Amino acid sequence: MSSIEFRKDLFANERDDTLKEIGQPTIRQDILGHVTGRTPYYDDRLFDGLLHMRAVRSPHHHAQIRSIDTSAAERMPGVRRVATAKDVPVNLNTLLSLINFGRDDEPLCAHDKVRYMGEAVAWVIADTERHARDACAAVRVDYGVLPHVLDVEDALKPDAPIVNQVYPGNTFEFHDKYDHQKLRFGDVNAAFARADHVIEAEYQMSPIEQAPIETCGAIAAPEINDRFVCFTNTQALFFSLGTTAKILDIASSRLHFIGGTAGGGFGGKVDSIVEPTAVLGAMLTGRPVRFAWDRYEEMQVGAPRGAERWRLKDGVMRDGTIIAREFTGFFDNGAYMRLSPYAILKCVGHLPGPYTIPNVAANVFCCITNRTPATAMRGFGVTAVDFAIECQMDRIAEVVKMNPIELRILNAYRDGDMKAHRRKAKNTALIECCQVAAGKGKWPISSEAAAQSSLIGGGTPERVAIPETVIDNEGRLGERRAGKTASASPPTRGAGRVAAGTHGEAKVAAPVQNPDMQIDADRIGHKMGANVVAAQPPGSARAPAAPIVRTVTPPPTYAEEPSPIVTTTKVAPPVSPASAPSEPFSRGVRRPGSSPFTSGIRRR
C-alpha cells in the first residue's frame, strides 16, 4: 500500500479528494475562537496559589562553574525555593533519545560548565514574577571563563576548544564512524575533468529566530491522583511529555499534558525545555508553577534556525546539462545536538535537489559551537540548502548563457529517474512548476521547454542506471582533531569503488526508549491498515476484528535486494470520545483527578 493510499484509508471520514479547497472561502476550524478572542492559550489557565519560576543565566559563552551561592536569594521576600542541577533527577538528555538516536549531551541545568550565553545555572521559584527576578539577581556564580568558538570551521580545527565532551571532535558522530554525513553517487572528480565548465561558489545563511508573538512557556500543577498536569504551548506534545518523564525520572502515566493553541511557533516550540522545568518546580514546591520566557530570553536562548554554510561545485556541459555536483555543508548546531542531526540526514536525503545529476558527492557536518543550540524552523534541513542550490542554478545559467528557467527544465527530475540515494523519482512536478511560474511571471521560455513534461523522458536506461561509485574513508572519528584530515570537502581521490547497480542498506525503525510510550493498536484502538472492519450500528453484534497484514518494503541494501517485512496488527474496537465540557470558560471547574489548584480559564 502506498503512503497516499494509507492516508486515504486512515482519514477516510475527514478528507475530500475533490481537492477543490484552494481558492474557495473555506473557514478554518479554529478561526472563530481567534477572531472573537476566546481561544484559550496555556497562560489563560487560572490557578490558586500560582508561583513564578525564573532562570539564572550565564553571561559567558563558555565558562567553568566554580561555585554557586544561593544563600542570599533564599532569604529574600517571596522566595519559595532555589533549585540547581542537583535537584534534577536525570540532568542529561538529548531530544532524539526518545527514538534511540544520538547520545545524551545536554543538561537541563548546567552544573560543571556553561557552553553558551544564557544557559541556565539555577532557578528561583517565588510568589511573584518580581520576587523571582530580584532573587535571580542575588544568586552569585563564580565562573572561570574559557576560550570559546563561534564559527563552524574554526570548531573543526585541531586546536579548537572542546565545547561538549560528549562529542570531543565538535561534530556529531555519524554511524559511529565519521565526523560528517557522506553521500556518494558516481565519480564526481572524473566528471569534473570532462566538464566544459566547473562552477564553484559559497553561500552563508545566518541564524534566524522564529520570533513567535507568544514566547515559550508552561504552567504545571500537582493533581490529586499523584500526577502532574502541564499546560503548554509546545508544538510536540508527546515529545515534550516523553522528555519530561525521562528528565524527571517518573512514569509518563503520571504526567497529564494539555496542549492546544500555540501563539506562533514555526518550529521553535519543539525543544521541550520549559515543560520539564515547570513540572520540576511543581514537584519541588507542591504548588502550581509558571515558567515562561520573556522576550529577551526568547531571542537569546530560544533555539533559532541554525546558521548554515554551503560550498557547491558543479561540472556542466556547454548545453547546460549538469554532470557532477559536489556539496560541502556546515550546520551550526550550537552547544548541544537537539534536533540538528535529524536535519542533516533529512538534508542529505534531499541532495542534489530536484535535478537528475549522474555524479554526486557530499560531506555535511553537524558542528558544535558555543552558540545557542539550534532547532527546527520551516523547511527544517532543506530551506537553506535549497537557497544555495537555486542560487547556484542561476550562476550556471549565466555561465552557459541560458534561460535560467529552461536550465531547470532541462535538468529536472522526471518520473522514473534514479536519485543519488538509489531510489526512483516519482510524482515529480518541477517542470510543470517552472512552466506555470514562467507564465505567471510573463517570463519567456521556448516552445520546446513549454512542451516538456515530468511524465515523459524519464526512466530511460541511462537515466535510471546506478553508476559505479567511488568511496572513501576520510573523516573518521578523531582524525580531524589529530590533524590527519585537513579538508572538509569530498576527497579528490577515492579509496575504493562500489560496483554499478549496487543499492543501499536496509534501515529499520528504532525501538521506542520507554515501553509505556509504545503505540499499541490493541490498547488505543487505532486503525492501522486498509482492511478495517466497518463500524457496526449500536447494539448490533460485532464479529471479532480480523488481523490486518501490512507489507512494508525497506530501502535496499548494498549486499542484497530487500525482502518484504510483514507485520500483523490487530484492530481493537473504537473508543468512545470523551464528552466536551458544557462551559469551557467557566470558573471553579472540578473534574475527577484534576488539580485542586485549578480555578478556571481567564475570560476575554
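Q: What should I know about the model and its numbering?
A: It is predicted, so local features need pLDDT of at least 70 and side-chain atom pairs count only at pLDDT 80 or more, while totals for chains, interfaces and linings use all residues. Residues are numbered from 1 along each chain as its sequence is written, and side-chain values use heavy atoms, leaving out hydrogens and water.

Q: OK, cavities. How many of 30 Å³ or more in the whole structure?
A: The search finds 7. A cavity here is a set of points, on a 1 Å grid over the protein atoms alone, where a 1.4 Å probe fits but cannot get out.

Q: What volume does the largest cavity have?
A: About 270 Å³. Volume means the space filled by probe spheres set on the points, with grid points joined across faces, edges and corners.

Q: Which residues lie nearest its centre?
A: I273, V274, W293, V301 and R338, out of 25 lining residues. Lining residues have an atom within 4 Å of a point.

Q: Which elements give two or more residues to that lining?
A: β6 (120-126) and α8 (274-285). α8 gives the most, with 3 residues. Helices (H or I, at least four residues) and strands (E, at least two) are DSSP runs, numbered from the N terminus.

Q: And the lining by class?
A: The largest cavity has 13 nonpolar, 5 polar and 7 charged lining residues. Ala, Val, Leu, Ile, Met, Phe, Trp, Tyr, Cys and Pro count as nonpolar, Asp, Glu, Lys and Arg as charged, and the others, Gly among them, as polar.

Q: Switching to strands. What is the order in the open sheet of 3 strands?
A: β5-β3-β7, with antiparallel pairing. Strands pair if DSSP finds at least two bridges between them.

Q: Why is one side of β5 and of β7 left without a neighbour?
A: β5 (113-114) and β7 (140-145) stand at the edges, so each has a single partner strand.

Q: How many bridges join β3 to β7?
A: 6 bridges. Strand β3 (residues 63-69) pairs with β5 over 2 bridges.

Q: What are the bridge partners of A63?
A: V114 in β5, and V145 in β7. For Q64, the partner in β5 is K113.

Q: How many disulfides?
A: The structure holds 0. The cut-off is a pair of cysteine sulfur atoms within 2.5 Å.

Q: Is C366 buried or exposed?
A: Buried, with a relative accessible area of 0%. C109 is buried too, also at 0%. Buried means under 20% relative accessible area, exposed over 50%, partly exposed in between (1.4 Å probe, protein chains only).

Q: Now α13. Which residues are buried there?
A: In α13 (residues 430-440), I431, C434, Q435 and A438 are buried. They cover an arc of only 100° around the axis, which puts them on the same side of α13. The arc is that of the directions from the helix axis to the C-beta atoms. On the other side of α13, V436 and K440 are exposed.

Q: Last one. Where is K484?
A: In the loop between β17 (469-471) and β18 (496-498). K484 counts as exposed at 67% relative accessibility. K484 and P158 are 326 residues apart in sequence, but 9.3 Å apart in space, C-alpha to C-alpha.

Conventions:
On a 1 Å grid over the protein atoms alone, a cavity is a set of points where a 1.4 Å probe fits but cannot get out, and a pocket is an open set with protein on both sides within 12 Å along at least five of seven lines; lining residues have an atom within 4 Å of a point.
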